[in-house]
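Visitor: Hi! Could you walk me through this one? I'm new to looking at structures.
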Amino acid sequence: MHFDSVTLREIELDLVAPFETSFGRTTTRRIVLVEVSAGDVSGWGECTAPEGPYFNEEFTDGAWELLRQFAVPRLTGIDIADLDAVEAALRPIRGNRMARAAVETAIWDLVARASGLPLWRMLGGERPAIDCGVSIGLQPTIGGLIECVEREVAAGYRRIKLKIAPGRDIDIVAAVRKRFPGILLSVDANSAYELNDFEILKKLDQFDLLMIEQPLRPGDILDHAELQARISTAICLDESIVDDFTCRQAIESGACRIVNIKLGRVGGHTAARRIALRCADAGIPVWCGGMLESGIGRMHNAAMSSLAPFSLPGDVSDSRRYWSEDIVEPRPTVDGEGRMALPESPGTGVEVLGERIGGLVNRSWTWRRGGS
Ligand code: OSB
Ligand code: MG
């Protein structure tokens, strides 16, 4: 099976509320969508690269060029029903995994739809519904943050994650823990600390956190291992885990006790599944992270979360937390118990709203077999 066309579209979507992390504040997303078509079937993927190169090195405009100049041309001769061959065709590209994942996940969706299978079942998923957590950005005031947490706990979410940054850490966590003594709580630093900040990170041990996510720099497996040996809270790595090799290094060096798997960060479903299985073998729990995705990326995350190794609630939360209107139907929805049901319909199980996307497009580009 070969595809007949690939279309890239960059859309612009306003977040319902700004999202702030230690590396910056996002109010509007510029998202590259990939549509891969064969016959009358289309599969859709979403590039999770943010607008600027501050989470990792990727960014919207770079991902656009990577897809157009390198990723799509490498796939035009591949039998896409062979998903290992799809991954192998993209492997010579160094880095740029969010761009690679955008087309790789679109092809998974296409193959699943063409086979009439739900994507999560094709991936080997075992749970028809997944446990959901939320990620709450840095807030202007602690009072405001407490209100956010109250809302999400009342909505039923099974784990609350707070963003922290130097100078905006211990007070925030202390206030939330005091008000909500029993909730499953974690923090995410997005690489903002150094080993020199040990005294602050050590203080987080008193709050009974499920994990501290990515405290140090992405490349710093060694310092994470030293930190993990000196604190009792589990370290979870996000930015540091870019492939199966870095995952192995992190596990074998004791740099983390939990792994966040993001489809974009590792290059797509095939890589994510391999990393999840490695973690399961090593007894390391994993969960699925998010990157402020639209409904397309959110449903890919939900499908991956159905695999057995994903034993902790992920950052796969209700579409309404991010967007006043989504670009898929039905919208990804979390019930009052903090669960998202996986669809039995083919592929990601949602209909992509072409007309709505048409109204949001900044630019598009199509590769067509035969060249017209
Ligand atoms: O580190 O997990 C992160 C959002 C943007 C960039 C990085 C991260 C995040 C989140 C939000 O935490 C997860 C989500 O709800 O999509
Ligand atoms: Mg993170």
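Guide: Happy to! Let's start with the largest cavity: it is lined by Glu46, Thr48, Ala101, Thr105, Leu263, Gly264, Glu293, Gly297, His300 and Asn301. A cavity here is a set of points, on a 1 Å grid over the protein atoms alone, where a 1.4 Å probe fits but cannot get out, and lining residues have an atom within 4 Å of a point. This is a predicted model, where local features need pLDDT of at least 70 and side-chain atom pairs count only at pLDDT 80 or more, while totals for chains, interfaces and linings use all residues. Residues are numbered from 1 along each chain as its sequence is written, chains are lettered from A and ligands numbered from 1 in the order in which they are written, and side-chain values use heavy atoms, leaving out hydrogens and water.

Visitor: What volume does the largest cavity have?
Guide: About 60 Å³, taken as the space filled by probe spheres set on the points, which are joined across faces, edges and corners.

Visitor: And how many cavities of 30 Å³ or more are there?
Guide: The whole structure has 2 of them.

Visitor: New topic: which residues come nearest to ligand 1?
Guide: Ser135, Lys163, Asn190, Leu292 and Tyr322, out of 17 residues around it (each with a heavy atom within 4 Å).

Visitor: Which polar side-chain atoms lie by an oxygen atom of ligand 1?
Guide: One belongs to Ser135, at 2.8 Å. Lys163 has one at 2.9 Å from a ligand 1 oxygen, and for Asn190 a side-chain N or O atom is 2.7 Å from one.

Visitor: How do the shell residues divide by type?
Guide: Around ligand 1 there are 6 nonpolar, 3 polar and 8 charged residues. Asp, Glu, Lys and Arg count as charged, Ala, Val, Leu, Ile, Met, Phe, Trp, Tyr, Cys and Pro as nonpolar, and the others, Gly among them, as polar.

Note on methods: Polar contact = N/O pair within 3.5 Å; in protein donor to acceptor, adjacent residues only side chain to side chain. 1 Å grid on protein atoms, 1.4 Å probe; cavity = no way out; pocket = protein on both sides within 12 Å on 5 of 7 lines; lining within 4 Å.
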